[in-house]
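Please study the sequence and the structure shown below.

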Amino acid sequence: SYSWIAYFIAHAHDGIVVWDGAQVPWLHGLAWTINFSSFFFLYPTVFNLKEVAAVEVPKVHLWETGIMRITRHPQFVGQCMWSFAHLMMVGSSFNALTMALLVGHHGFACWNGDRRLYDEHGEAFLAVKARTSVVPFAAIADGRQTLPRDYYKELIRAPYALIAVGTFGAYLAHPYMQAGAALVKNTGLVEGGV
(Lines give C-alpha, C1' and ligand atoms only; values in the text may rest on other atoms or scores of the structure.)
Protein backbone atom coordinates (compact mmCIF):
# COMPACT_ATOMS: atom_id res chain seq x y z
CA SER A 1 0.00 0.00 0.00
CA TYR A 2 3.01 2.32 0.40
CA SER A 3 3.28 2.79 -3.37
CA TRP A 4 -0.41 3.70 -3.65
CA ILE A 5 -0.24 6.12 -0.71
CA ALA A 6 2.93 7.73 -2.06
CA TYR A 7 1.43 8.10 -5.54
CA PHE A 8 -1.82 9.55 -4.18
CA ILE A 9 -0.08 12.08 -1.93
CA ALA A 10 2.34 13.07 -4.68
CA HIS A 11 -0.51 13.78 -7.11
CA ALA A 12 -3.44 14.83 -4.90
CA HIS A 13 -3.12 18.46 -6.07
CA ASP A 14 -2.70 17.58 -9.76
CA GLY A 15 -5.18 18.56 -12.42
CA ILE A 16 -7.65 21.38 -12.02
CA VAL A 17 -7.82 22.59 -8.43
CA VAL A 18 -11.32 23.91 -7.77
CA TRP A 19 -10.86 24.46 -4.01
CA ASP A 20 -8.29 24.06 -1.29
CA GLY A 21 -9.87 23.18 2.04
CA ALA A 22 -6.69 24.09 3.90
CA GLN A 23 -7.76 27.73 3.44
CA VAL A 24 -10.92 27.17 5.53
CA PRO A 25 -9.91 26.96 9.23
CA TRP A 26 -12.85 24.88 10.56
CA LEU A 27 -12.87 22.45 7.62
CA HIS A 28 -9.85 20.49 8.86
CA GLY A 29 -11.64 19.59 12.10
CA LEU A 30 -14.78 18.51 10.25
CA ALA A 31 -12.79 16.46 7.73
CA TRP A 32 -10.76 14.88 10.53
CA THR A 33 -13.92 13.88 12.43
CA ILE A 34 -15.55 12.34 9.34
CA ASN A 35 -12.32 10.58 8.41
CA PHE A 36 -11.78 9.22 11.94
CA SER A 37 -15.36 7.94 12.04
CA SER A 38 -14.99 6.33 8.61
CA PHE A 39 -12.47 3.82 9.89
CA PHE A 40 -15.03 2.30 12.28
CA PHE A 41 -16.96 1.36 9.14
CA LEU A 42 -13.96 0.55 6.95
CA TYR A 43 -12.38 -2.06 9.17
CA PRO A 44 -15.00 -4.45 10.54
CA THR A 45 -12.74 -7.30 9.36
CA VAL A 46 -10.49 -6.79 12.39
CA PHE A 47 -13.04 -8.83 14.31
CA ASN A 48 -11.77 -11.94 12.53
CA LEU A 49 -8.01 -11.43 12.62
CA LYS A 50 -7.33 -15.11 12.06
CA GLU A 51 -9.14 -14.86 8.72
CA VAL A 52 -7.37 -11.60 7.83
CA ALA A 53 -3.98 -13.17 8.60
CA ALA A 54 -5.00 -16.31 6.64
CA VAL A 55 -4.59 -18.50 9.73
CA GLU A 56 -8.17 -19.59 9.10
CA VAL A 57 -9.91 -19.89 5.75
CA PRO A 58 -11.93 -16.69 5.12
CA LYS A 59 -15.68 -17.29 5.20
CA VAL A 60 -18.69 -15.43 3.88
CA HIS A 61 -20.43 -14.37 7.10
CA LEU A 62 -24.08 -13.59 7.59
CA TRP A 63 -24.00 -10.97 10.36
CA GLU A 64 -26.70 -8.71 11.67
CA THR A 65 -25.17 -7.19 14.81
CA GLY A 66 -22.88 -4.29 15.68
CA ILE A 67 -22.06 -2.01 12.78
CA MET A 68 -24.06 -4.30 10.47
CA ARG A 69 -27.26 -3.06 12.13
CA ILE A 70 -26.36 0.42 10.94
CA THR A 71 -25.43 -0.61 7.39
CA ARG A 72 -25.13 -3.96 5.65
CA HIS A 73 -22.04 -2.74 3.76
CA PRO A 74 -19.95 -0.78 6.27
CA GLN A 75 -16.84 -0.69 4.07
CA PHE A 76 -18.81 1.08 1.33
CA VAL A 77 -20.12 3.63 3.83
CA GLY A 78 -16.65 4.07 5.34
CA GLN A 79 -15.10 4.57 1.91
CA CYS A 80 -17.73 7.18 1.03
CA MET A 81 -16.99 9.02 4.28
CA TRP A 82 -13.19 8.78 3.84
CA SER A 83 -13.38 9.96 0.23
CA PHE A 84 -15.72 12.83 1.08
CA ALA A 85 -13.46 14.00 3.92
CA HIS A 86 -10.34 13.94 1.73
CA LEU A 87 -12.14 15.61 -1.17
CA MET A 88 -13.31 18.38 1.22
CA MET A 89 -9.66 19.21 1.87
CA VAL A 90 -8.29 18.93 -1.69
CA GLY A 91 -10.72 19.75 -4.48
CA SER A 92 -8.59 18.77 -7.45
CA SER A 93 -9.72 16.87 -10.53
CA PHE A 94 -7.17 14.12 -9.72
CA ASN A 95 -8.55 13.79 -6.20
CA ALA A 96 -12.16 13.80 -7.42
CA LEU A 97 -11.43 11.05 -9.95
CA THR A 98 -9.55 9.00 -7.35
CA MET A 99 -12.40 9.28 -4.86
CA ALA A 100 -15.01 8.44 -7.51
CA LEU A 101 -13.05 5.32 -8.49
CA LEU A 102 -12.66 4.21 -4.85
CA VAL A 103 -16.36 4.71 -4.11
CA GLY A 104 -17.30 3.03 -7.41
CA HIS A 105 -15.12 0.03 -6.54
CA HIS A 106 -16.81 -0.29 -3.15
CA GLY A 107 -20.23 0.19 -4.76
CA PHE A 108 -19.51 -2.76 -7.04
CA ALA A 109 -18.42 -4.72 -3.95
CA CYS A 110 -21.87 -4.09 -2.40
CA TRP A 111 -23.53 -5.80 -5.33
CA ASN A 112 -20.96 -8.59 -5.45
CA GLY A 113 -21.06 -9.07 -1.67
CA ASP A 114 -24.84 -9.41 -1.71
CA ARG A 115 -24.56 -11.87 -4.61
CA ARG A 116 -22.00 -13.97 -2.70
CA LEU A 117 -24.09 -13.90 0.47
CA TYR A 118 -27.14 -15.05 -1.49
CA ASP A 119 -25.13 -17.82 -3.18
CA GLU A 120 -23.82 -18.99 0.21
CA HIS A 121 -26.93 -18.54 2.37
CA GLY A 122 -29.95 -18.29 0.00
CA GLU A 123 -33.21 -17.45 1.74
CA ALA A 124 -31.46 -16.76 5.06
CA PHE A 125 -29.58 -13.90 3.37
CA LEU A 126 -32.78 -12.53 1.82
CA ALA A 127 -34.29 -12.40 5.32
CA VAL A 128 -31.26 -10.48 6.63
CA LYS A 129 -31.30 -8.23 3.55
CA ALA A 130 -34.95 -7.40 4.27
CA ARG A 131 -34.04 -6.33 7.83
CA THR A 132 -30.92 -4.32 6.90
CA SER A 133 -29.94 -1.54 4.51
CA VAL A 134 -26.90 -0.27 2.67
CA VAL A 135 -27.94 3.29 3.56
CA PRO A 136 -26.82 3.96 7.16
CA PHE A 137 -29.63 3.92 9.74
CA ALA A 138 -32.34 3.49 7.05
CA ALA A 139 -33.45 0.06 8.33
CA ILE A 140 -33.59 1.44 11.88
CA ALA A 141 -35.50 4.57 10.84
CA ASP A 142 -38.15 2.65 8.90
CA GLY A 143 -38.57 -0.04 11.57
CA ARG A 144 -37.00 -3.02 9.77
CA GLN A 145 -34.21 -3.19 12.37
CA THR A 146 -34.84 -2.78 16.08
CA LEU A 147 -31.97 -1.86 18.35
CA PRO A 148 -31.88 -3.80 21.62
CA ARG A 149 -31.67 -1.74 24.83
CA ASP A 150 -28.06 -2.81 25.34
CA TYR A 151 -27.00 -2.14 21.73
CA TYR A 152 -23.96 -0.18 22.88
CA LYS A 153 -22.45 -3.46 24.16
CA GLU A 154 -22.16 -4.64 20.55
CA LEU A 155 -19.83 -1.70 19.89
CA ILE A 156 -17.70 -1.90 23.05
CA ARG A 157 -15.15 -4.39 21.76
CA ALA A 158 -11.37 -4.51 21.76
CA PRO A 159 -11.04 -4.26 17.95
CA TYR A 160 -12.66 -0.81 18.06
CA ALA A 161 -9.86 0.34 20.39
CA LEU A 162 -7.36 -1.01 17.86
CA ILE A 163 -9.14 0.91 15.09
CA ALA A 164 -9.10 4.15 17.15
CA VAL A 165 -5.40 3.86 17.99
CA GLY A 166 -4.47 2.89 14.43
CA THR A 167 -6.50 5.72 12.91
CA PHE A 168 -5.02 8.30 15.25
CA GLY A 169 -1.55 6.90 14.51
CA ALA A 170 -2.17 7.19 10.76
CA TYR A 171 -3.23 10.81 11.27
CA LEU A 172 -0.03 11.55 13.18
CA ALA A 173 1.95 9.79 10.44
CA HIS A 174 0.60 12.07 7.66
CA PRO A 175 3.67 14.37 7.68
CA TYR A 176 5.91 11.30 7.31
CA MET A 177 3.73 9.95 4.50
CA GLN A 178 3.96 13.32 2.75
CA ALA A 179 7.74 13.40 3.23
CA GLY A 180 8.04 9.87 1.85
CA ALA A 181 5.92 10.82 -1.16
CA ALA A 182 8.13 13.88 -1.75
CA LEU A 183 11.23 11.66 -1.68
CA VAL A 184 9.72 9.35 -4.27
CA LYS A 185 8.50 12.20 -6.45
CA ASN A 186 11.81 14.03 -6.32
CA THR A 187 14.10 11.03 -6.51
CA GLY A 188 15.49 11.70 -9.95
CA LEU A 189 15.40 7.98 -10.68
CA VAL A 190 12.31 8.47 -12.80
CA GLU A 191 12.10 11.49 -15.05
CA GLY A 192 9.44 13.75 -13.56
CA GLY A 193 9.17 11.64 -10.38
CA VAL A 194 6.32 9.19 -9.85
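**Cysteines and disulfides**

A search of the whole structure finds 0 disulfides, a disulfide being a pair of cysteine sulfur atoms within 2.5 Å. The model is predicted: local features need pLDDT of at least 70, side-chain atom pairs count only at pLDDT 80 or more, and totals for chains, interfaces and linings use all residues. Residues are numbered from 1 along each chain as its sequence is written, and side-chain values use heavy atoms, with hydrogens and water left out.

- Cys80 takes part in no disulfide, and the nearest cysteine sulfur, that of Cys110, is 7.9 Å away.
- Cys110 is buried, with a relative accessible area of 10%, whereas Cys80 is partly exposed at 27%.
- Buried means under 20% relative accessible area, exposed means over 50%, and partly exposed lies in between (1.4 Å probe, protein chains only).

**Overall organisation**

- The chain contains 11 helices and 2 strands; helices (H or I, at least four residues) and strands (E, at least two) are DSSP runs, numbered from the N terminus.
- Along the sequence, these elements follow the pattern α-β-α-α-α-α-β-α-α-α-α-α-α.
- The chain has 194 residues, of which 34% count as buried.
- Among contacts in the chain with a separation of 6 or more, 76% are between residues 24 or more positions apart; contact means heavy atoms within 4.5 Å.

**Nonpolar cores**

- In soluble globular proteins, nonpolar side chains tend to be buried together.
- A nonpolar core is a set of buried Ala, Val, Leu, Ile, Met, Phe, Trp, Tyr and Cys residues joined through side-chain atoms within 4.5 Å.
- The largest nonpolar core has 16 residues, and those with the most contacts inside it are Phe8, Phe39, Phe41, Ile67, Ile70, Trp82 and Met99.
- At least two residues of this core come from each of helix H2 (27-42), helix H4 (67-70), helix H5 (74-89), helix H6 (93-121) and helix H10 (158-172).
- Another core, of 7 residues, lies apart from it and includes Ala31, Ile34, Met89 and Val90.
- Not counting residues up to four places away in sequence, Ile67 touches Phe40, Phe41, Pro44, Pro74, Tyr151, Leu155 and Tyr160.
- Tyr160, in helix H10, is buried with a relative accessible area of 9%.
- Tyr160 and Phe40 are 120 residues apart in sequence, yet their C-alpha atoms are 7.0 Å apart in space.

**Packing of helices H1 and H6**

- Two packed helices are described by the angle between their axes and the distance between the axes.
- The axes of helix H1 (residues 2-11) and H6 come within 9 Å and cross at roughly 145°.
- Axes are lines fitted to C-alpha atoms, for helices over the stretch in contact, and angles run from 0 to 180 degrees between N-to-C directions.
- The crossing of H1 and H6 is left-handed; a crossing is left-handed if the near helix is turned anticlockwise from the far one by less than a right angle, and right-handed if clockwise.
- Where H1 and H6 meet, Trp4, Tyr7, Phe8 and His11 in H1 face Phe94, Asn95, Thr98, Met99 and Leu102 in H6 through contacts.
- Thr98 counts as buried, at 13% relative accessibility, and touches Trp4 and Phe8, not counting residues up to four places away in sequence.

**A buried arginine**

- The side chains of Arg69 and Gln145 are joined by a polar contact of 2.8 Å.
- A polar contact is a pair of N or O atoms within 3.5 Å; within protein, one must be able to donate a hydrogen and the other to accept it, and residues adjacent in sequence count only if both atoms are side-chain atoms.
- Beyond its neighbours within four places in sequence, Arg69 is in contact with residues including Glu64, Ile140, Thr146 and Tyr151.

**A loop residue with positive phi**

- Phe137 is found in the loop between helix H7 (123-131) and helix H8 (138-141).
- Phi of Phe137 is near 70°, a positive value in a residue other than glycine.
- Phe137 counts as partly exposed, because its relative accessibility is 46%.
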